[in-house]
Amino acid sequence: IPVFAREGSIVPLDCEDKANGCENPQALEILIFRGNGQFELYEDDGETMDYENGRSAVTAFAVQEDGKDLTFTISAASGDPAVLPQRRRYQLSFCDVAACERLEINKNGASVPCEPQAENGSICVILDDVSPADAITVKLFAITEKCNESKKEHRINLLSRLQGRNGTKNLLYGRLVKDEKSKPLPGRIGKLFAEIDQLY
């Protein structure tokens, strides 16, 4: 189950599309947000009651922000590593980081070469071939925070996603985007734009 928090959120997501599968995923995407926080991923075999006899594993993740530097750690799994994939692929998505001056990755104390990728205005790091016993630290130095879009951009993006006739959308654009001081609209559309207004 994803875990959401205002600061230091770490959200594990299965990268693979397995309908109704119970096996633990070979690939995980971790959504990382600036701040300080931690998360423990619990896994068992998904089929038996063996977890009652200790056949389960926990992998701890943590994020720590120190000024303009951000550190993310994946601890070695505790418990029974036999229930986990012996090689796992992690995609670490630093969702609210637009850039950093440099990035260092250490796997069990040894430096690992890696080129971060830009994805949707954020930084993404791919780690292949990670075993349950591996301890990994990813440090981003001198980060640049990803900025939120302006209220006007937010309104335009919402309006572009609404289904409707172009003439109606053009009228809404004139009323809701050009004139931000216009009276709120009634109904569902008005409620959507009122939610945007509450963010600013």
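Mentor: A nonpolar core is a set of buried Ala, Val, Leu, Ile, Met, Phe, Trp, Tyr and Cys residues joined through side-chain atoms within 4.5 Å. The model discussed here is predicted.

Trainee: Which residues touch the most other members of the largest nonpolar core?

Mentor: That core has 25 residues.

Trainee: How many aromatic pairs does a search of the whole structure find?

Mentor: Two rings count as a pair if their centres lie within 6.5 Å. Applied to the whole structure, the search gives a count of four.

Trainee: What is the angle between the planes of Phe61 and Tyr90?

Mentor: The ring centres of Phe61 and Tyr90 are 6.2 Å apart. A pair counts as edge-to-face when its planes are over 60 degrees apart. The pair of Phe61 and Tyr90 is edge-to-face, and its angle is 75 degrees.

Trainee: How many residues apart in sequence are the parts that Phe61 and Tyr90 tie together?

Mentor: Phe61 is buried at a relative accessible area of 1%, and Tyr90 is buried at 4%. Phe61 belongs to strand 4 (residues 56–66) and Tyr90 to strand 7 (residues 88–94), so the separation of the parts they tie together, in residues, is 29.

Trainee: Why is the pair of Phe72 and Phe94 edge-to-face?

Mentor: Both Phe72 and Phe94 are buried. Phe72 is in strand 5 (residues 69–74) and Phe94 in strand 7, so the pair ties together parts 22 residues apart in sequence. The ring centres are 6.4 Å apart, and the pair is edge-to-face because its planes stand at 90 degrees.

Trainee: Which residues do ring pairs link into a cluster?

Mentor: Phe61 and Tyr90 form a pair, and so do Phe72 and Phe94. The cluster linked by ring pairs is made up of Phe39, Phe61, Phe72, Tyr90 and Phe94.

Trainee: Over the face of which residue does Arg102 lie?

Mentor: A charge sits over a ring only if CZ of Arg is within 6 Å of the ring centre and within 35 degrees of the ring normal. For Arg102 the distance to the ring centre is 3.8 Å, and the ring is that of Phe141.

Trainee: Within what arc do the buried residues of helix 3 fall?

Mentor: Helix 3 (residues 187–199) has Gly190, Phe193 and Ile196 as its buried residues. The face turned away from them carries exposed residues, including Arg188 and Lys191. Viewed down the axis, the buried residues line one face of helix 3, because they fall within an arc of 120 degrees.

Trainee: Which residues are buried in helix 1?

Mentor: The exposed residues Ser160 and Arg161 sit on the face of helix 1 turned away from its buried side. Down the axis of helix 1, the buried residues fall within an arc of 100 degrees, so they line one face. In helix 1 (residues 151–161), they are Arg155, Leu158 and Leu159.

Trainee: Where does Asn108, with its positive phi, lie?

Mentor: Most residues other than glycine have a negative phi. Asn108 is not a glycine, yet its phi is about 55 degrees. Asn108 is partly exposed at 47% relative accessible area, and its place is the loop between strand 8 and strand 9.

Trainee: What is the relative accessible area of Ala142?

Mentor: Ala142 is in strand 12 and has a positive phi near 50 degrees. Partly exposed runs from the 20% limit of buried to the 50% limit of exposed. Ala142 is partly exposed, and its relative accessible area is 24%.

Terms used:
Residues are numbered from 1 along each chain as its sequence is written. This is a predicted model: local features need pLDDT of at least 70, side-chain atom pairs count only at pLDDT 80 or more; totals for chains, interfaces and linings use all residues. Side-chain values use heavy atoms; hydrogens and water are left out. Rings of Phe, Tyr and Trp (its six-membered ring) pair if their centres lie within 6.5 Å; planes under 30 degrees apart count as stacked, over 60 as edge-to-face and the rest as tilted. Helices (H or I, at least four residues) and strands (E, at least two) are DSSP runs, numbered from the N terminus. Buried means under 20% relative accessible area, exposed over 50%, partly exposed in between (1.4 Å probe, protein chains only). The arc is that of the directions from the helix axis to the C-beta atoms.
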